[in-house]
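Have the 3D view open as you read.

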Amino acid sequence: MKSQFLNIISKKEQKDFKDFIFVVSKLENKCLLRNDLLLQFEEVCVAKKKTKKFRLESSIIKFLHRVPELLIMEDSVIIMHRYTVAKYRFYRLSFNGEYIEDVDVTTFLDCKDIYMGEKPGDGNGDPLQIDFMPFYDYSPSIRDNKNVGNGIQFLNKLLSSSLFQNPDEWGRKVFDFLKLHKINGKQLFINGSILQDIDIFLDELETTIEWLKGTTPDTPYNVIEKRMKQAGFEEGWGRNAGRVLETMNLLYDLFNEPTSSMMEEFSFRVPMISKIAISSPHGWFGQENVLGRPDTGGQVIYILDQVKALEKYLINEFELAGIDVVPKIIVLTRLIPNAENTSCNKRLEKIFQTENCWILRIPFKDNDQNIMGDWISRFKIWPYLDRFAREAEKEIIGEFQGRPDLIIGNYSDGNLVATLLSDKMDVIQCTIAHALEKTKYLFSDLYWKDMEKDYNFSIQFTSDIISMNKSDFVITSTYQEITGTENTIGQYESYQFFTMPGLYQVASGVNLFNPKFNVVPPGVDEKNYFPYYLKEARTAGKTEYWEEQLFSKTSEDIYGKLDDPGKPSIFTMARFDRIKNITGLIEAFGKSKELRRYYNLVFAAGTIHVEESNDMEERNEILKAYRLIDELELYGSIRWLPSINKLDTGEVYRIIADRKGIFVQPALFEAFGLTILEAMSSGLPTFATQFGGPSEIIEDNMSGFLINTSKPELMAKAVLEFIERCKNDEGHWETVSKNGIRRVKERFTWDQYSKSLLSFTKLYGFWRYSVTGEGMKKMDRYCDLIYHMLVKARADKLH
């Protein structure tokens, strides 16, 4: 009877809880989620005539809010208790509530297997179990879950503390790490005369600092270069005497009285990164005519804007450091020979508005070395990635004339490729998931066999846990991606433990409390996305063109004619898939007479021609859209455009804002939502799903609106409330518009993003060099085994 559970339900309510468990045990559904339990509890309370206060405030209801799942077994129930964010306990209760015991995660996973018809030990032996936790012995762990997602701050404090407590050992590590720094083979910071002796280095550092105090701060580096070299110092400290002095003072203080802020500030000044490879194989990766195509949306925008921001920051960093280097960034993606009207068949393509950034495309090949000509769904590309990574290694080394300093992976396939390349080239790896499919598709782990033909989740989820664990650091756009909220499970959190019955169990798939996780939200391109009222920054010709496209022009690629083009519009823009839920917005609009009276519905998504799509999910959504338009008789109030070129989307948002329209992002789930930032920056009042990352972008009812997108009527209700407030307050539209613009400017900038990502690379690089090297070797071998047994072997069978 000893159990943590005994402290949860108050003594006076334990009989009520036992009665509730008994009722639950009789249900036909044997796997209940939180909402199922809450509804069932409400029914029991009504039947027993319990007070409203009991239904809302009892210890039972508070407990059930923290129960994501409950399994009904033959003689007991198994409860998953999320007692705080990302931490769990498991209990077994007999049906009569008299027997209670704590059980471990393996028992819980065994019960889920049994629920799915897999019985451990029934002749097939115990299931394969994957457990990464023993491999984190080398690494410190964050104890307070409030600090999860701020790993770099934790690491900074740890490193500065170690330097303070063990100055000889850690001072040597910092000195040795500094000696490694070269750009294009050229030594930085320290030259031969002081390379071997830290004491001589510190003496010369102190002497040089005193000498620099006597120079004019704006003295160019080339004037002091000879004196610097004689003392043993190479370029990299700064472009002038003042900058050199500041940098040297920082390092001197770091050796003598280290603090975490000092460690971070010094890292900002170390110019160690000039070559970055970014992996994103799937979809149509290009700069024109690609958005809205299958598997091609926000991730492409994110990466292109990311590249421009990183290059800009690096150029400035090298200039401040006094180093004449042009950084180079390569986006590694797939070459598609049958490229249609895109540039995806070009091997090398310069990225617009950059000096030295490129898209490098490498084709997918089958086992017979035949090049695959057509687009392939992100769920079907797994057989090609191993060979793709091997060929990419040669191409990248050739383009960079050496290995990169950093590899950034994107999405599951890009992160796997980044992992393989990082292994081969011994390069720091950053993982960016964008959106993990596991939380998008309910029970996709349990029912993986039923979904495998279309989705290959067995390969994808295994690839995810390999990348998460091997990566040096992980960047997310929101905290929710990591650990969720009080009431929702985070995307990474869903990988902590799960089972894929008949394949394997994961007892510990990722350590969320390892300091590798960091929240760094992206920004928006301010040249493209600026407020609608800045008329002088807009191009009259572009405005006129897109006004015609949006509201009046007849074209075989545009569907729908508006009876009243002058009405404000509800606008949305996304690719056409089930999760993006554009058809849900069509239904919400179509079933509300009041919405139709006040607004038109204008949206840009994929294509209006179903025969042009090769993606099953997109075809289904296109057909559903036509059916809804017909059934709800939306002719005259709806306008459907093909996907819009990224460079034009800013003006499209502004035109909708000119007419006092709104932007609605109706996704069933959204990991972040770049279109939300873009619309808000342009001045459009924005409505976005409450499920996922938008809740960390929008201040509800202030800078926008968070809405329940699970039912069309709930979306309609939220917009109707906005209409009423605008009727009662003529300035309400403008207030929300201005608050949205303010919110983005204050919190979401690419400059801060670049500063953080590059600083992380340096600090995690030092951590990798000084601490985790040996500890990571065991995990590397474990991951290699999993890769060859469960990813490559299964992927090879798909050829």
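The lining of the largest pocket draws at least two residues from each of α2 (34-47), α5 (105-115), α15 (437-440), α18 (480-483) and β16. Keep in mind that this is a predicted model. The pocket has a volume of about 1,600 Å³, and 47 residues line it, with R34, T439, L442, T488 and I489 lying nearest its centre. Sorted by class, this lining holds 18 nonpolar, 20 polar and nine charged residues.

Strand β16 leads us on to an open sheet of three strands, arranged in the order β6-β17-β16 with mixed pairing. Because β6 (129-131) and β16 (498-500) stand at the edges and each has a single partner strand, one side of each is left without a neighbour in the sheet. On average, neighbouring strands here are turned by 20 degrees against each other, direction ignored. Helix α17 (residues 457-470) packs on this sheet and touches β6, β16 and β17; the direction of α17 makes about 145 degrees with that of β16. If you look at β6 and β17 (residues 504-508), you will find them running parallel, joined by three bridges. D131 has S508 in β17 as its bridge partner.

Now turn to the second largest pocket, with a volume of about 920 Å³. Which element gives the most to its lining? That is α27, with nine residues. β7 (182-183), α14 (411-425), β14 (428-432) and α27 (750-796) each supply at least two. The lining has 31 residues, and R403, D426, V427, I428 and R768 lie nearest the centre of this pocket. By class, they divide into nine nonpolar, ten polar and twelve charged residues across the whole lining.

Definitions and conventions: Residues numbered from 1 in each chain as written. Predicted model: local features only at pLDDT ≥ 70, side-chain atom pairs only at ≥ 80, totals over all residues. Heavy atoms only, no water. Pairing = 2+ DSSP bridges. Helix = DSSP H or I, 4+ residues; strand = E, 2+ residues; numbered from the N terminus. Axes fitted to C-alpha atoms, helices over the stretch in contact; angles between N-to-C directions. Contact = heavy atoms within 4.5 Å. 1 Å grid on protein atoms, 1.4 Å probe; cavity = no way out; pocket = protein on both sides within 12 Å on 5 of 7 lines; lining within 4 Å. Points joined across faces, edges and corners; volume = space filled by probe spheres on them. Nonpolar A, V, L, I, M, F, W, Y, C, P; charged D, E, K, R; others polar.
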